[in-house]
Amino acid sequence: MNKIAEFIKENRKAAGLTQEDFAMRSGLGLRFVRDLEQGKETVRMDKVNIALAMFDMEAVPGRKERG
């Protein structure tokens, strides 16, 4: 799972929100939230940033980590 997916899932759960609650509060679709948390690689970055904004975060360019 990628870092953004992990971050969203962990923080959503820590906030006591179900995926459905998170989708409603963020204005995103439930399908998108599920895809995001599962690490789907083709999600839209504008929507990723909407999800991250729920936790005062945003995706920014950075060096790719070598695994």
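Helices (H or I, at least four residues) and strands (E, at least two) are DSSP runs, numbered from the N terminus. This is a predicted model, in which local features need pLDDT of at least 70 and side-chain atom pairs count only at pLDDT 80 or more, while totals for chains, interfaces and linings use all residues. Residues are numbered from 1 along each chain as its sequence is written, and side-chain values use heavy atoms, with hydrogens and water left out.

**A backbone angle**
- Asp56, which is placed in the segment after α4 (45–53), has a positive phi of about 55° although it is not a glycine.
- Most residues other than glycine have a negative phi.
- Asp56 counts as exposed because its relative accessibility is 73%, where exposed means over 50% relative accessible area, buried under 20% and partly exposed in between (1.4 Å probe, protein chains only).

**Aromatic rings**
- Rings of Phe, Tyr and Trp (its six-membered ring) pair if their centres lie within 6.5 Å, and planes under 30 degrees apart count as stacked, over 60 as edge-to-face and the rest as tilted.
- By this rule there are two aromatic pairs.
- Phe7 and Phe55 form an edge-to-face pair, with 5.9 Å centre to centre and 85° between the planes.
- Phe7 lies in helix α1 (residues 3–14) and Phe55 in the segment after α4, so this pair ties together parts that are 48 residues apart in sequence.
- Phe7 is partly exposed at 25% relative accessibility, whereas Phe55 is buried at 18%.
- Phe22 and Phe55 form a stacked pair, with 5.8 Å centre to centre and 10° between the planes.
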